[in-house]
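This briefing is for a reader who meets the structure for the first time. Please look over the sequence and the model, then read the points below by topic.

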Amino acid sequence: MGNLKKFAATVTLGALLIGGTSPTYAASLTEKQKKVQEQRQKNSSEQSKANSSIQSREQAISKEQQEINKLDAELQDVINDVAQKKAEIRATEEKIQKLQEQIKKYEAKMKAQEELMKDRMATMQKNGGSSVNWAEFIFGSKDFGDLITRMITAGTIQENDQQIFEEYEATKEKLAKAQAELKAERDSLVKQKEELEKRQKELDQKMKERAAKIKKLEAEKVKFESKLMSLKEMEDTLKAQEQAIQAEIEAQRRAEEEARRAAAEAAAAKKQQSASSSNSGSSASTSTPVASAPASGGMFQRPASGRLSQGWGAASGANGYSFHNGLDIAGPVGTPIYAAQTGTVLRAGWGGAYGNHVMIAHVINGQVWTTVYAHMSSVSVKAGQRVSQGQNLGGMGSTGNSTGSHLHFEIHRGGYSYSSSSAGSTVNPASFF
C-alpha cells in the first residue's frame with residue numbers, strides 16, 4: 001500500500017513538470033537539435049569531399065609516378081644507347097690508332113724497299129739492263145766449277161730482284177688498303193660522334209623532364225626513390241662484360257687443355273697397365289673408374305624454385321615498360337638462386353632498378369650469352385669469379401624496383417642490352433627449361 005502511494009506521487013509529479021514546461025523552452029530545444037543535425041550533415045559532406053579529393057589526388061600522384069616510371073624506362077634505353085655508342089667510339093678510335101701505326105710501318109718498309117730497288121736499278125742500268133755482268137762472270141771464272149757457282153749466284157740475284165719488286169707492290173697495295181680503311185673508320189667515327197651528341201642531348205632533356213616531375217612530387221611530400229642505372233654503371237657493365245667474356249674463353253681453353261692432358265695421362269697409364277698385365281701373364285682385367293659430370297639442366301637450367309608470377313613478353317606499360325624482358329619467379333625471401341649455366345660473373349651487387357643483382361657472361365659453342373638475376377636479398381658471388389651451373393648466387397628478395405619477393409631472370413643472346421619496349425637482345429627463358 002505504501003509502494004502504491006509512492007508510485008502515484010511520482011506519476012503526479014511528472015505530470016506537473018511536463019505540464020509546467022514553457023513553449024519557448026521546447027522550441028529552443030528543437031532548434032538546437034536541428035542545428036546539431038545540420039552540422040553533422042555538413043561535416044559528413046565535407047568529409048566525403050575530402051575523401052574524394054584525397055582519392056583523386058592519390059590517383060593523380062599514382063599517374064605521375066607511372067609517368068616517371070615510364071620516363072625512367074625510356075631514359076634507361078637512352079643511357080644504354082649512349083654507353084654503347086661510347087664503347088663503339090672507343091673501339092673505332094683504337095682501330096684508327098692501330099691502322100695509323102700499321103701505315104707508318106708500311107711507309108717505312110716501302111722507303112727501305114725503294115732504296116734497295118734504286119740500287120738494283122742502278123746496277124741493272126750499268127750492266128745493260130741485266131742485274132748481272134755476264135762477261136765478268138764468265139771470263140772472271142777461275143775454272144768450270146767456279147763458273148757454275150757464279151751462274152747459280154747470278155740466278156739467285158735475279159730471283160731476288162724479282163722478289164724485291166713483288167714485295168714492294170704488295171706493300172704498296174697493303175698501304176693503300178690500310179689508308180682506305182683508315183678513311184672509312186674516320187668517317188664512321190664522325191658519324192658515331194654525331195649520333196652520340198644527338199642521343200646525349202636527348203638524355204639531358206629527359207633527365208631535366210624527370211627532375212621536374214620528381215621535384216613536383218617532392219613538393220607535395222610524396223616519397224620518390226630513383227631506380228635508374230646510371231650511365232657510368234652502364235659503361236662499367238659493358239667494360240666488365242668484355243673482360244668477363246675474355247676470361248670465360250680463357251677459362252674454357254685451360255679446361256680443355258687440362259682435359260686433354262688428363263686424357264693423355266690416363267691413356268698412357270692404361271697402356272702401361274696393359275703391358276704390365278701382359279708381362280705378368282695375368283688374365284684378370286682391371287678398369288679405371290671414370291668420374292661422371294654432374295647432372296645438367298640443359299643449355300640453361302631453372303635458376304630458382306617458386307611460382308611463375310610474370311612471363312616474358314608484351315606488358316601493359318603500367319610499370320614503365322611495354323615489354324617484360326624476363327621471367328619473374330615468386331618465392332619467400334632468401335629462396336636460393338642458382339647459376340643457370342657455367343660462366344664468369346661480370347656484375348654482382350647493387351645497381352638501379354635491379355637492386356641487388358648478378359650478371360653472368362657465358363660462351364657456349366662459340367656463342368656469347370648473358371644471364372641476369374635481379375631483386376636479390378643477398379649476393380654470394382663477386383665480379384670476375386667463375387661459377388658452375390647450379391652454383392648458389394645468393395637469395396631471392398625484393399630490392400630495387402620490386403613490389404614483392406621474387407627473382408627477375410633474363411637471358412640475352414650476346415651481351416647485355418636493355419629495352420623497355422621490345423625484346424632487345426633477350427630471349428624467352430622458358431624455352432630452355
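Strand 12 is largely enclosed by the rest of the structure, because 7 of its 8 residues are buried. The model described here is predicted. The protein has 5 helices and 13 strands, and 33% of its 433 residues count as buried.

**Strand 12 and its partners**

- Strands in a sheet pair through backbone hydrogen bonds, and the pairing is either parallel or antiparallel.
- Strand 4, residues 327-330, is joined to strand 12 by 4 bridges, and the two run antiparallel.
- Within strand 12, F409 is the residue that stands opposite L327.
- Strand 8 also pairs with strand 12 in the antiparallel sense, over 6 bridges.
- In strand 12, H412 stands opposite T370.
- Strand 13 pairs with strand 12 as well, in the antiparallel sense and over 2 bridges.
- H412 has T426 as its bridge partner in strand 13.

- An open sheet is formed by 3 strands in the order 5-11-9, with antiparallel pairing.
- Its edge strands are strand 5 (336-338) and strand 9 (378-379), each of which pairs on one side only.
- Strand 9 is paired with strand 11, residues 392-395, over 2 bridges in the antiparallel sense.
- Opposite S378 stands G395, a residue of strand 11.

**Nonpolar cores**

- The largest nonpolar core holds 39 residues, and those that touch the most other members are L203, M234, L346, Y354, M359, Y416 and Y418.
- Two or more residues of this core come from each of helix 2 (23-126), helix 4, helix 5 (231-280), strand 7 (356-364) and strand 8 (367-376).
- Helix 2 gives the largest share of this core, with 15 residues.
- Beyond its neighbours within four places in sequence, L203 is in contact with L75, V78, I79 and V82.

**K206 in helix 4**

- K206 is part of helix 4, which covers residues 144-219.
- Is K206 buried or exposed? K206 counts as buried, because its relative accessibility is 15% and the cut-off for buried is under 20%.
- Setting aside neighbours within four places in sequence, the contacts of K206 are L71, E74, L75 and V78.
- K206 and L71 are 135 residues apart along the chain, while their C-alpha atoms are separated by 7.6 Å.

**Aromatic pairs**

- The protein has 6 aromatic pairs.
- F300 and F432 make an edge-to-face pair, because their ring planes stand at 80°, and the cut-off for that class is over 60 degrees. The centres of the F300 and F432 rings are 5.1 Å apart.
- This pair links distant parts of the chain, 132 residues apart: F300 is in the loop between helix 5 and strand 1 (307-310), and F432 is in the segment after strand 13 (426-427).
- F300 counts as buried, with a relative accessibility of 0%.
- Y354 and Y416 form an edge-to-face pair too, with 6.3 Å from centre to centre and 70° between the planes.
- Y354 is in the loop between strand 6 (343-350) and strand 7, and Y416 is in the loop between strand 12 (406-413) and strand 13, so their pair ties together parts 62 residues apart in sequence.
- Y354 is buried at a relative accessible area of 9%, and Y416 counts as buried at 4% relative accessibility.
- F300, W369 and F432 are linked into a cluster by ring pairs.

**The protein as a whole**

- Among contacts with a separation of 6 or more, 70% are between residues 24 or more positions apart.
- The accessible surface comes to about 27100 Å², and carbon and sulfur atoms account for 54% of that surface.

Definitions and conventions
Residues numbered from 1 in each chain as written. Predicted model: local features only at pLDDT ≥ 70, side-chain atom pairs only at ≥ 80, totals over all residues. Heavy atoms only, no water. Buried < 20%, exposed > 50% of the residue type's maximum accessible area, 1.4 Å probe, protein only. Contact = heavy atoms within 4.5 Å. Core = buried A, V, L, I, M, F, W, Y, C linked by side-chain atoms within 4.5 Å. Phe/Tyr/Trp six-rings, centres within 6.5 Å; stacked < 30°, edge-to-face > 60°. Pairing = 2+ DSSP bridges. Areas by Shrake-Rupley, 256 points an atom, 1.4 Å probe, with all protein chains shown as cover.
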